[in-house]
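I opened my notebook for this one and jotted down what I looked up as I went. Come along and check the entries with me.

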Amino acid sequence: MTAPHALITGASIAGLSAAWWLRRIGWDVTVVERAPAFRDGGQNVDVRGVARAVLERMGLTEAIRSKNTTETGTVIVDTNDKVIAELPSNGPDGATAELEVLRGDFARAILEALPAGVRFVYGESVTEVDESRPDCVTVVTTAGDRLDADLLVVAEGVRSATRDLLFAESEVDADPLGVTMAFGTIPRTDDDDDRWRWYNAVGGRQVHLRPDPYGTTRAILSYAGEDDLVGRDRDDALRVLRERYADAGWQAERVLDGFDSSDDVYIDELTQIRMPGWHRGRVCVIGDAAWCVTPMGGGGASLALTGGYVLAAYLSQAEGHPDRDRLDEALASFDAWMRPLVDEIQGFPRGMLKLAYPHSRLGLAARNVVTKAMTAPPLSHLMAKMTQVADTDQRLPELREPALGEA
């Protein structure tokens, strides 16, 4: 009997985790990625909660630990760089996690450890999906190639074109949070240290500086507001950011100057994705394409890694080549196991946005008072709980690997 075939769209953490585990249970795997090559770079992500157990089962804990960003803690500073408060970073799930890594480094560690036989198709994306046949799903790529699969796994990210091609607007709730974030890499200076420094200015503006292991600094400008910068011309977007941050103070001007020459500036308007179901027929959606929690919720990379394992585990329990009924049962079990983790993170209080992005001087002063109180005993344990995401009392489902010589 031939091995079942999974076609995965998207080669970041969710797609690579699914590829790793599906290949491990004996499936043939093809990954289609629209970028012309593997995408390095990106900002901080981390491994939290149940994802640490998944990473351990992959044998990648030390590989990720060795790629640590070098960040040791998180502090909130004022315009003179004076520390106002230090967020809890003790334990594996502090504001700076024990396993803190850049997105590209995390994805590359999985890529380099993939079981043999995973096929990659770079520089192409999906233009058409044919679900008319009961025995397979057929994908047409931008190159005109037709690829048959037993399962299509959509793992393209929050603005997934393939998801939107397959699911109606009524099945995909894209919920904008009203926050814009601009990310980039800038030159490191002697004043930079090994802490995540977080600064708030009036007008709902934030500036973040974080160390990386490459002698540069990862910078973020984040503000309450939407200027439709996603997809806009780079120079025009940077001009709007300069107007937004003209009087922000601290190191805002340095970040803007750094972005002018940075080759990896990325701008996003934070949007949560909610779907009543993450599967239909021979199609499954995972990662940010299915449940984007945004950096406000946290734990997105951990959910992406965990989702790949849980999907493969339930598919491994469907004995033999999965027909539609067994596939439906496995995908329903995947949905049921992942749903509580996602719902808990997405359900963070929206009042946090007003606290995180104060607009007036009075609001900023009040936020600083609250932060000092929450980061000092006896309330610091409550702040620490806020960073404990992607954790669960559920046991990870059993993954059944094929015996030697099977599939």
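I began with the contacts of Phe106, taking contact as heavy atoms within 4.5 Å. Leaving aside residues up to four places away in sequence, Phe106 touches Ile13, Val45, Val47, Leu55, Ile64, Val101, Ala301 and Leu305. A word on the source: this is a predicted model, where local features need pLDDT of at least 70, side-chain atom pairs count only at pLDDT 80 or more, and totals for chains, interfaces and linings use all residues. Residues are numbered from 1 along each chain as its sequence is written, and side-chain values use heavy atoms, with hydrogens and water left out.

Next I looked up the nonpolar cores, meaning sets of buried Ala, Val, Leu, Ile, Met, Phe, Trp, Tyr and Cys residues joined through side-chain atoms within 4.5 Å. Buried stands for under 20% relative accessible area, exposed for over 50%, and partly exposed for anything in between (1.4 Å probe, protein chains only). The largest core has 88 residues, and Leu22, Phe106, Ile286 and Phe334 have the most contacts inside it. Helix H10 (residues 300–316) gives the most to this core, with 11 residues. I also found a second, separate core of 24 residues, with Val207, Tyr223, Ala252 and Val255 among them.

**Sheets.** For elements I used DSSP runs numbered from the N terminus: helices (H or I, at least four residues) and strands (E, at least two). Two strands pair if DSSP finds at least two bridges between them.

I then followed S4 (residues 73–77) and S13 (residues 195–201), which pair in the parallel sense over 5 bridges. Ile76 has Trp198 in S13 as its bridge partner.

In it, S9 (residues 137–141) and S10 pair over 4 bridges, and Val137 stands opposite Ala149 in S10.

**Aromatic pairs.** I let rings of Phe, Tyr and Trp (its six-membered ring) pair if their centres lie within 6.5 Å; planes under 30 degrees apart count as stacked, over 60 as edge-to-face and the rest as tilted. A search of the whole structure gave me 10 pairs. The rings of Trp278 and Trp291 have centres 4.8 Å apart and planes at 70 degrees, so this pair is edge-to-face. Trp278 is buried at 1% relative accessible area, and Trp291 is buried at 1%. Elsewhere I noted a cluster of Trp20, Trp21 and Tyr309, linked by ring pairs.

**Cysteines.** How many disulfides does the structure hold? I counted 0, a disulfide being a pair of cysteine sulfur atoms within 2.5 Å. The sulfur of Cys136 has its closest cysteine sulfur in Cys284, 17 Å away and too far for a bond. Cys136 is buried, with a relative accessible area of 7%, and Cys284 is buried at 0%.
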